[in-house]
Amino acid sequence: MTRTLVTRIRDRAAATPRGVAMREKRLGVWHEITWASYWDSVVDVAHALLSLGVQPGDRVAIQSENRPEWLILDMATVAIRGTTVGLYPTNPSAETDYLLTHSGACVHLAEDQEQVDKVPDVADAPTLRTIIHVETRGLRTYDDPRLLPWDRLVELGREHRAAHPGAVEALLEAAELDDVITLVYTSGTTGPPKGAMLTHRNAEFALSTVLEKSPFTDPAPGPKDLTLSYLPLCHVAERVLTTWYNAGAGTQVNFAESIETVPQNLREVQPTLLFAVPRIWEKLLASARIKLDSATWFKRRHARFWLARADRMGQTLAANGGRHTLGTRLVYAVGWVFFYRALRDRLGLRRVRHASSGAAPIAPEVLQFFMGIGVPMHELYGMTENTAIATANRPGRVKLGTVGETHEGIEVRLDDQTNEILTRHPAVFAGYWQDPEATANTMTPDGWLRTGDVGEWVDGTHLRITDRMKDIIITAGGKNVAPSEIENGLKASPFVKEAIVIGDGRKYLTALIGIELDTVGAWAQKQNLAFTTYRDLSEKPEVRALVQSVVDEVNTRHNPVEQIKRFQLLPKELDHEDGELTATQKVKRSAIDAMFHDLVEEMYAGAAAGSTGGAA
Amino acid sequence: MTTLMKGTRWGRPELYTDYRQEMALLNTRSKKAGTIAIIALAAVLPLTVADDLLAILYAGLILAIGAIGLNLVTGYAGQVSLGHAFFVGIGAYTAAVISGDPDDRRLGYGIELMPVWLLGAGLAAALCGALIAPVATRLRGLYLAVVTLGLVFIGQYLFREFREISGGAEQSRRAAEPTLFGMNLTEDGAWTEEQKLYWFGLGLLIVMAVLARNVARSRIGRALQAIRDRDVAAGVMGVDLTRYKVIAFTLSSFYAGICGALLYASIGSFTPERFGLLMSVQFIAIVLIGGVATISGTIMGAMLIALLPRIAGELPAFVPFLSGSPSEHPNVFEFQEVMYGVLIVVFLLFEPRGLFGIWHRVRTYWKSFPFSY
């Protein structure tokens with residue numbers, strides 16, 4: 001029979017029934033869930049789904065913050081050969097409608113009242129029969145017949161399990177490698193989201209690659225490793241790292257209370273494997289800087305001294321592929337006693353043995369900072385359509401600014417004309433759900449996946465991503481500019497949260513810049529600058545001058561064509577609900593263009609012919 | 001699972017997987033190690049320290065027990081009591097009466113079994129506390145302080161005039177002599193009297209301190225703190241004010257009684273005049289200097305106050321205008337009297353959280369390292 005994620009859980013539950021599978025924090029205490037009880041819940045819920053009439057191939061949707069029920073329902077669905085559809089808890093109502101109707105889900109888990117309120121009416125979603133909810137608060141007066149509390153679901157499962165023992169096991173045996181286990185809707189910076197179909201084959205290949213064929217740590221991830229689960233589970237990276245690693249390697253999953261409490265939870269859990277998106281790394285770096293700067297005199301001087309050493313070590317490590325030299329090892333050993341150990345402990349990174357960044361480009365300065373204080377940082381590359389597995393920086397062979405080397409058993413090449421990155425391997429997805437046209441556009445006839453990213457080889461081994469293909473700016477002067485590099489340079493400053501470089505068809509480059517409220521706020525306080533709101537702060541001439549200095553600094557690193565000639569500060573923080581960001585916090589350029597059109601035009605107002613002239 | 005869990009907990013002091021762990025007295029490894037180290041240090045101290053200093057330290061240990069009692073009622077429950085000396089006196093006389101010589105002209109039952117007179121002293125004081133408590137439920141703040149002040153004067157009068165017990169004004173009475181496992185602690189043997197008493201006091205203090213800590217972090221302790229912060233609000237939350245104030249006074253007096261029973265074991269005798277206002281002020285000073293609503297702070301404060309005469313005695317060597325002889329002015333004995341007041345004023349002004357506050361700041365400095373918060 002085929003080995004799947006679910007059989008892996010079953011086998012682990014049999015081998016180490018009392019081992020910890022996951023922890024969830026309730027009322028200040030981390031409650032542990034053992035493998036035996038995890039597996040028991042999966043079977044119960046799988047039976048419940050059967051009793052609700054879920055057939056193999058049916059879709060079960062989940063819109064919830066990360067919590068054990070997410071994993072249990074996900075694995076229960078896969079156990080009976082169904083397909084899980086993950087929705088972002090931050091998806092606005094309209095997107096929820098679209099995703100539920102497009103996927104044709106028959107069962108939907110809406111975490112609480114907020115999520116239940118987003119579920120469309122019966123008329124709009126004819127396939128949806130049952131809405132499971134975990135938190136009952138505020139829902140008592142709801143009389144929607146589709147509602148079903150989680151406890152009742154588990155009861156249904158127990159009854160069905162007693163009446164039909166072995167029903168789930170039979171389906172488990174019948175599972176095939178090409179069963180679609182999940183639809184991962186891509187965030188859709190352009191157009192509506194598309195549902196990428198991932199199969200057992202994809203999952204097994206991805207797991208065997210990172211755990212067995214070319215494990216990224218030594219020893220490979222195992223039951224002694226702890227991870228913190230805080231990124232949305234519907235995103236492919238978090239799903240792989242939380243649900244699949246947990247099933248495949250037995251890592252202990254710890255659910256963060258919310259995205260706001262991540263720093264606190266990191267300190268408590270002290271994970272050993274940590275994946276974060278650049279936004280989180282930037283935030284960690286910024287908050288460390290603020291806290292160190294606002295410490296008492298001695299602590300500040302102390303920190304400055306050791307951070308200067310860390311900076312030097314970071315450079316040496318970066319030049320050395322992440323390997324220590326004898327010199328840095330000695331300096332680090334002393335610094336560990338006096339500074340780095342405590343700093344890493346406060347940041348929750350003390351026991352991290354493999355840290356990684358992915359899902360968006362990150363500034364090398366950020367990676368270098370963490371390498372300097374002793375956190376082994378690695379940038380990875382992958383996307384939904386290839387199950388988040390393509391290339392990775394390997395320990396000891398890190399090249400900053402690249403996304404690393406190809407995994408074993410994976411083919412990566414660049415398109416001859418466009419330099420687009422193409423990948424081919426068994427983890428490439430099975431196609432977009434009910435969208436053969438989009439699938440055909442993404443796949444070449446001989447099985448290569450078009451990633452939509454433009455890249456180049458560095459030293460023939462490491463891949464460097466230039467930019468998203470559709471983001472490449474062609475200025476009025478005909479120059480190709482990759483905006484993400486400039487944007488990341490700007491975002492590496494602790495004061496800059498968002499940077500959007502504009503200049504397609506224009507005479508020169510400009511940027512819309514959003515400030516980081518926390519850091520700029522702290523800075524303003526130090527300057528005795530009173531402010532009320534984000535907008536008020538953004539409009540201060542002093543803040544403008546501060547950002548100008550950041551822009552000038554970045555400009556010195558680029559040739560004149562790639563320099564930001566003018567910029568405007570965004571009057572508000574970008575937000576998913578307002579349609580400016582995708583659920584993964586990526587900027588939707590089209591929406592920004594429309595929303596801040598006036599700001600953009602202002603920047604080109606001086607050069608009247610800017611938008612038309614020169615194009616010929 | 002427990003073995004697996006141990007491995008996971010190592011290096012993750014804040015990962016509490018059950019409520020017990022979080023509420024444990026020694027919830028981190030460093031606390032555990034620190035406490036063991038301090039206790040070990042305190043236990044070997046008598047082997048290296050001179051006997052006269054040990055006697056002072058013994059008095060400090062016993063004072064700490066009494067002060068913990070005052071801290072329960074004043075620090076935790078916020079009921080200012082100036083009458084602590086009264087309860088200490090009750091304890092001292094009860095113990096002396098129970099264990100006293102039956103053939104003496106004063107009352108004595110000759111029961112030398114320590115648990116009997118020690119518990120008896122505590123219970124007698126606790127009973128008095130329970131009788132006084134109803135007053136406390138009707139008064140608060142300054143009024144309660146004045147009423148408890150009255151208690152000291154009533155006590156002074158009683159102890160002086162109840163001749164069958166005390167023998168009268170300025171008459172000393174033999175203190176109860178602690179015996180343990182058939183060994184009289186107040187006689188020299190393989191170990192000197194001071195060493196044995198010190199060890200006994202240390203053991204008893206640890207037991208009493210842990211008991212008090214447990215009370216403070218239990219339902220009772222939370223109720224007391226709610227009353228301290230605002231009795232009306234506590235009542236609204238469902239805290240039974242009368243009940244908890246009675247508990248606070250009873251418990252506090254019990255500690256005072258134990259303290260009284262043992263305080264004079266090393267000196268051997270005491271007079272009624274001992275239990276005056278000065279003693280009450282001394283206890284208040286210990287609580288304020290040590291730290292309000294902390295047990296460990298109280299112990300630090302008691303040690304400091306007990307050592308104060310010794311410290312003052314050393315002063316003439318450093319401060320030229322201070323004389324060591326009682327006939328010259330200013331002398332150390334005058335200075336010593338003033339010191340209680342000065343220390344209280346200084347601590348209230350500059351370190352309102354007491355010695356514990358200083359320790360707390362030091363700890364926070366390193367705990368938050370390399371940040372400041």
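**Domains, contacts and a helix**

Reader: How many Å separate the centres of domain 1 and domain 2 of chain A?

Author: Taken over C-alpha atoms, the centres of domain 1 and domain 2 of chain A are separated by 27 Å. The bounds come from an automatic or database domain assignment, with domain 1 at 5-255, domain 2 at 259-469 and domain 3 at 472-604 of chain A. This is a predicted model, in which local features need pLDDT of at least 70 and side-chain atom pairs count only at pLDDT 80 or more, while totals for chains, interfaces and linings use all residues. Residues are numbered from 1 along each chain as its sequence is written, and chains are lettered from A and ligands numbered from 1 in the order in which they are written.

Reader: What makes residues of domain 1 and domain 2 of chain A count as in contact, and how many do so?

Author: Their C-beta atoms, placed from the backbone, must lie within 7 Å, and by that rule 35 residues of domain 1 of chain A are in contact with 36 residues of domain 2 of chain A.

Reader: What span is expected of helix H11 of chain A?

Author: The expected span is 1.5 Å times one less than the number of residues; H11 (residues 278-293) of chain A has 16 residues and reaches 22 Å from its first C-alpha to its last, close to the 22 Å expected.

Reader: How many residues of chain B are in contact with chain A?

Author: 16 residues of chain B are in contact with 26 residues of chain A.

Conventions
Contact = placed C-beta atoms within 7 Å. Helix = DSSP H or I, 4+ residues; strand = E, 2+ residues; numbered from the N terminus.
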